[in-house]
Amino acid sequence: MTAAIAVDALSVRYGEVVALDDVHLDLQPGRVCALIGMNGSGKSTLLKAIVGLVRPTHGTVLLDGESPARARQRGTLAYVPQSEDVDWRFPVSVRDVVMMGRYGRQGFTRHPRAEDRAAVAEALARVDLTDLADRQIGRLSGGQRKRAFVARGIAQDAGILLLDEPFAGVDKPSEGTIVRLLRDLAAEGRTVLVTTHDLASVAALADEAVLLLQRVLVHGTPAEVLTPENLSRAFGLETGADR
Ligand SMILES: Nc1ncnc2c1ncn2[C@@H]1O[C@H](COP(=O)(O)OP(=O)(O)OP(=O)(O)O)[C@@H](O)[C@H]1O
């Protein structure tokens, strides 16, 4: 089976900083994968390289066997960036943001058709934002903002969803809503890759986990990955096992 996401020998440098060094990672469709690592371990850089927002120094990324640029063009790929990377003052409503997921299908006129409006309404309902559809995007809570971006990916009918810290600044009920949503999207055959600092929620969220420290330290089920020894290697922490 062609991997939904195939990362091969990927290295990324920012000047002198080696953010990623020889990363290999294959993800199959229909799975949620949690990407875990300490601050600066390269998680955001890996997502950006998969989206095609940063250029690899070495190596390749293929999405369903195609380049990130081609996958973006075809709407295969949806990306929910870290909150800091978004200008929340932008004068667009929640509905407008979700409609952006339909742009690729609308041609250059960007004139929404009935089917686009229907897809947007359905995506808003799935993330439970129907009542807030006309609100300016910056006037949402942290969890609602994340859900708006997930709705954009749903409206786009993307097969691959990448989410950078979807639980940061999100309260527990909203986190539960997002976890359920991501699990449902994977059950439909989509591939979901999520960076998270919330180790406690990984087992409920993800089918598999990856520990990153410039390279992939370990990739397996959450139970295989989240051992004291592995966490100690990834985070450089003393654990009970070391004492
Ligand atoms: N645009 C940039 N220019 C220069 N260095 C960068 C840039 N973006 C990231 N870096 C550096 O690359 C390394 C990896 O950063 P990255 O943001 O990918 O890590 P991260 O694991 O997502 O961290 P965090 O958990 O803090 O979000 C860090 O050393 C960071 O300082």
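Two strands are taken to pair if DSSP finds at least two bridges between them. In the predicted model described here, strand β1 (residues 5-14) and β4 meet this condition, being joined by 5 bridges and running antiparallel. Within this pairing, D8 has T60 of β4 as its bridge partner. The two strands belong to an open sheet of 3 strands, ordered β2-β1-β4, in which the pairing is antiparallel. Its edges are formed by β2 (17-27) and β4 (58-63), each of which pairs on one side only. On average, and with direction ignored, neighbouring strands of this sheet are turned by 20° against each other.

The segment before β1 contains A4. This residue is buried, as 26 other C-beta atoms lie within 10 Å of A4, and a residue counts as buried when there are 20 or more. Leaving aside residues up to four places away in sequence, A4 touches L27, Q28, P29, L63, D64, G159, I160 and T191. A4 and L62 are separated by 58 residues in sequence, while their C-alpha atoms are 7.9 Å apart in space.

Overall, the protein has 10 helices and 9 strands. A compact globule of 243 residues would have a radius of gyration near 18 Å, and the value for the protein is 18 Å, so the two agree. Taken along the principal axes, the box filled by the C-alpha atoms is roughly 60 × 35 × 35 Å. Buried residues make up 41% of the 243 residues of the protein. Among contacts with a separation of 6 or more, 67% are between residues 24 or more positions apart.

A second open sheet consists of 6 strands in the order β5-β6-β7-β3-β8-β9, and its pairing is mixed. Here the edge strands are β5 (77-80) and β9 (215-220), each pairing on one side only. Neighbouring strands of this sheet are turned by 15° against each other on average, direction ignored.

The bridge partner of V210 in β9 is H219. These two strands form a hairpin with 1 residue between them, and in this hairpin Q214 takes a positive phi near 65°.

Helix α6 is mostly covered, with 13 of its 15 residues buried. At 1.5 Å a residue, the 15 residues of α6 should span 21 Å; the end C-alpha atoms are 22 Å apart, which agrees with that expectation. Just after α6, D157 takes a positive phi of about 60°.

Helix α7 (residues 172-187) has 16 residues, which at 1.5 Å a residue should span 22 Å; the distance between its end C-alpha atoms is 22 Å, in agreement. Its buried residues are S174, I178, L181, L182, L185 and A186. Seen down the axis of α7, these residues fall within an arc of 135°, and therefore they line one face of the helix. The elements covering the buried residues of α7 include β3 (32-36), α5 (114-126), α6 (142-156), β6 (160-164), β7 (191-195) and α8 (202-205). On the other side of α7, the exposed residues are K172, P173, R180 and A187. Just after this helix, G189 takes a positive phi of about 100°.

How values were computed:
Residues are numbered from 1 along each chain as its sequence is written. This is a predicted model: local features need pLDDT of at least 70, side-chain atom pairs count only at pLDDT 80 or more; totals for chains, interfaces and linings use all residues. Helices (H or I, at least four residues) and strands (E, at least two) are DSSP runs, numbered from the N terminus. Axes are lines fitted to C-alpha atoms, for helices over the stretch in contact, and angles run from 0 to 180 degrees between N-to-C directions. The radius of gyration is taken over C-alpha atoms; the globule rule is 2.2 Å times the number of residues to the power 0.38. A residue is buried if 20 or more other C-beta atoms lie within 10 Å of its own, exposed if 12 or fewer, and partly exposed in between; C-beta atoms are placed from the backbone. Two residues are in contact if their C-beta atoms, placed from the backbone, lie within 7 Å. The expected span of a helix is 1.5 Å times one less than its number of residues. The arc is that of the directions from the helix axis to the C-beta atoms.
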